[in-house]
Amino acid sequence: MTFKSILDEIENNLNKILSDLSISDVKFSVEPAKPGFGDVSSNVSYLLAKQLKKSPKEIAEMISDKYSDCTSTLVLKSEAHTSGYLNFYANWDNLSQLILSESYLDTCGDVDIGNDSTIVVEHTSVNPNKALHIGHIRNIIIGDTISRILHKAKYKVNVLNYIDDSGLQVADIIVGFKHFGYDQESPSGKKFDHYCGDDVYVKTTEKYEADPNLEEIRKNVLKELEDGDSETAKFADKITRRVLAGQLETCWNLDVTYDCLNFESQIVRSGLWDKIFEKLKEMKLVEFENEGKNGGCWVIRGEGKEDDKVIVRSNGTATYIAKDIPYAAWKLGLLEDPFNYEKYASEQPNSRVLWQTTLNQTNPISKNFTGDKVVTVIDSRQARLQKIITTLMGKFKSVPDAYNHLGYESVTLSSETAKTLGLDTDGKQAQMSGRKGLYVNADSVYEILKKKTKDETKKRHPEMTDSEIDSIAHYISVGTLRYEMIKQDLDKIITFDLTKSLSLEGDTAPYIQYTHARASRILEKSGRIPTIDVDFSLLKEQSELDLIKNIGLFNLQVRDATNNLSPKVIARYCHDLAVSFNSFYEKSKVLALGDIDLENSRLCLVNSFKIVLEKALDLLGIKAPDRM
RNA sequence: GGGCCCAUAGCUCAGCAUGGAUAGAGUGCCGGACUUCUAAUCCGAUGGUCAAGGGAUCGAAGCCCUUUGGGCCCGCCA
């Protein structure tokens with residue numbers, strides 16, 4: 001157990017006191033205290049003020065008085081603050097031992113919320129016609145971080161990447177290759193995904209604007225794509241898989257991996273749509289429109305004043321959202337699985353096996369990548385469509401929160417950065433656009449960071465080999481990028497600026513990683529293996545206790561992050577942990593104290609910090625080097 | 001016309017779910033700390049009508065309503 005132990009102890013005792021007073025059903029808080037107000041605080045006296053017709057202060061004094069009769073192993077004393085708050089002071093000898101011992105266990109930070117049920121997390125899902133840009137990276141990092149957190153909260157997580165390989169965007173580059181004569185090989189040194197996005201896609205779409213007649217070619221290509229046996233479809237399959245390979249390389253470099261790739265073209269050809277369409281008709285969730293503007297279409301009725309949504313056109317073809325419905329149902333395991341599975345050709349950098357769907361019937365392997373619950377990470381511009389899907393899934397599954405749309409605001413470019421791309425926005429931030437070529441590639445952001453961190457590391461450690469420097473620079477670059485994408489709340493727009501967003505100081509990953517390097521260095525220099533068999537009562541400086549308290553809050557933070565699907569909670573926790581370590585580092589020396597017992601106690605604390613920080617950073621997909 | 005989101009220090013953001021103490025960080029500006037376990041650090045100073053107005057409450061940055069400013073979405077496109 002951790003800091004939660006003392007919270008539980010206090011809550012239990014308070015409940016006993018209340019029940020002796022014949023009071024029940026009061027939902028008081030018991031929380032870690034703000035600095036300067038002891039270790040734990042409760043607002044219980046405020047909530048009783050009306051009922052007992054006394055001031056919060058009087059009640060706090062009364063409860064504090066009774067509290068001294070309670071059995072407590074972790075609380076030293078309680079105190080009524082003049083404000084009315086009830087504050088508690090911990091018995092740190094006991095609590096430190098509890099928290100630091102726990103931190104050495106593999107299970108440290110675990111919370112059991114998922115109870116081993118399965119949950120699907122779908123993220124990335126970028127059209128395979130271009131390289132990933134910084135906006136996609138927000139999606140990917142949110143999805144990957146949430147997956148890691150849910151895993152820590154005892155969910156069995158299936159991570160999916162949906163490959164929309166049959167849409168208009170793919171058709172566009174195919175038009176470029178087949179009709180505008182773009183070479184099928186990228187110019188030397190350029191990744192194929194970059195080539196397709198920067199050159200083929202952007203320039204092909206430019207041509208449509210110049211000559212509207214070209215739209216006809218585009219429509220034909222799109223049509224041919226839907227027929228899996230067509231020459232065009234086979235060609236497109238080859239191209240999109242090469243683009244996908246480039247995209248995955250970017251993801252893997254950022255330590256993002258998946259369990260399964262789902263191809264839209266296969267969903268389209270699997271016949272899942274027909275099945276779900278029948279079901280929708282049976283359940284009367286879709287209606288046929290005989291007249292009006294949607295005459296001849298099947299529609300889903302809008303709620304309230306919202307417009308109806310067409311899902312089958314009057315020509316009988318399904319719309320975009322219609323393709324999402326069978327996929328959503330499939331993810332929840334509501335449909336018989338039409339797919340077989342095969343391993344993806346390349347291996348992921350960690351040991352995780354990557355599967356992909358196939359309709360190929362030879363050597364059929366069946367797998368199950370569905371979940372009791374689903375989290376779909378898509379930016380909030382799609383909130384409306386996702387709400388329709390959520391409502392439908394709620395009716396299918398009869399569990400209201402089975403399907404979750406995890407929305408987030410988009411990444412825009414600062415006016416300065418937009419200007420470097422040739423767009424004058426008059427001081428305003430700019431929306432990125434793949435079609436217009438207005439974006440910052442993820443790979444190039446990584447390269448800029450890598451160069452910067454390499455130079456910086458080299459300056460600090462002239463003695464290091466190139467490969468050591470390279471490895472450190474890699475971890476810092478990935479950390480910086482990931483942290484930047486996750487530290488703000490999901491509903492805040494991130495304005496990306498090529499200069500300002502790549503800082504290595506202040507509230508950044510390197511700040512946190514640096515504390516890890518400091519801790520590692522102390523342990524290394526001590527020449528000792530830290531143990532938990534130390535005298536915890538020697539740790540009594542405020543900076544030591546603050547650090548211990550923060551270490552003990554890990555599982556509470558994981559719980560919070562899980563319940564709110566909020567990755568930034570863990571980012572903030574890592575930062576808080578680092579701040580408290582830096583404060584400890586400044587105030588309490590560890591080595592050469594001439595007091596071996598105190599040294600050992602502090603070494604134990606340093607080691608405990610290092611272990612927990614590594615675990616917390618791991619939830620963010622960030623590794624911390626031992627030296628930097 | 002309808003819907004979603006945002007507004008807190010010069011700038012970027014926490015805090016809001018679950019109301020309660022003195023509204024916190026980073027950054028910027030100014031001033032300090034490297035002979036020390038790594039200065040990608042630390043300490044200090046500066047900086048706030050919590051967009052505005054109203055309501056319910058003993059108590060509001062937080063809850064309710066209205067208004068203003070900004071962003072996004074609303075196709076038989078994907």
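Before the first stop, one working rule: contact here means heavy atoms within 4.5 Å. Keep in mind, too, that this is a predicted model.

**Start with the whole chain.** Colour chain A by its domains: domain 1 covers 3-90, domain 2 covers 272-318 and domain 3 covers 415-502. Between the centres of domain 1 and domain 2, taken over C-alpha atoms, there are 57 Å.

**Now select the seven-stranded sheet.** Going across, the order is β11-β12-β7-β6-β5-β13-β14, in an open sheet with mixed pairing. Which strands stand at the edges? Those are β11 (340-343) and β14 (403-406); each has a single partner strand, so one side of each is left without a neighbour in the sheet. Look along the sheet and you can follow the twist, which averages 30 degrees from one strand to the next.

Zoom in on β7 (residues 260-263) and β12 (residues 355-358), which pair in the parallel sense over two bridges.

Pick α5 (residues 134-152), which lies across β5 (118-122), β6 (156-163), β13 (373-377) and β14. The direction of α5 is at about 170 degrees to β5. Then bring up α13 (residues 383-397), another helix packed on the sheet, where it touches β13 and β14. With β14, the direction of α13 makes about 165 degrees.

**Jump to β4, residues 86-90.** Is this strand mostly covered or mostly uncovered? Mostly covered: four of its five residues are buried. Strand β2 (residues 40-42) runs antiparallel to β4 and is joined to it by three bridges, with Ser42 opposite Leu86. Strand β3 (residues 75-80) is also antiparallel to β4, through five bridges, and here Ala80 has Leu86 as its bridge partner. Follow the chain through the β3-β4 hairpin: five residues lie between the strands, and Gly84 takes a positive phi near 115 degrees.

**Finish with a helix pair.** Select α11 (residues 272-282) and α12 (residues 320-331): their axes come within 9 Å and cross at roughly 90 degrees, which means α11 is roughly perpendicular to α12. For the contact itself, show Leu272, Trp273, Ile276 and Leu280 on α11, then Ala322, Ile325, Pro326, Ala329 and Trp330 on α12. What kinds of residues make up the contact of α11 with α12? Nine are nonpolar, with no polar and no charged ones.

Key:
Residues are numbered from 1 along each chain as its sequence is written. Chains are lettered from A and ligands numbered from 1 in the order in which they are written. This is a predicted model: local features need pLDDT of at least 70, side-chain atom pairs count only at pLDDT 80 or more; totals for chains, interfaces and linings use all residues. Side-chain values use heavy atoms; hydrogens and water are left out. Domain bounds come from an automatic or database domain assignment. Two strands pair if DSSP finds at least two bridges between them. Axes are lines fitted to C-alpha atoms, for helices over the stretch in contact, and angles run from 0 to 180 degrees between N-to-C directions. Buried means under 20% relative accessible area, exposed over 50%, partly exposed in between (1.4 Å probe, protein chains only). Angles under 35 degrees count as roughly parallel, over 145 as roughly antiparallel, 65 to 115 as roughly perpendicular and the rest as oblique. Ala, Val, Leu, Ile, Met, Phe, Trp, Tyr, Cys and Pro count as nonpolar, Asp, Glu, Lys and Arg as charged, and the others, Gly among them, as polar.
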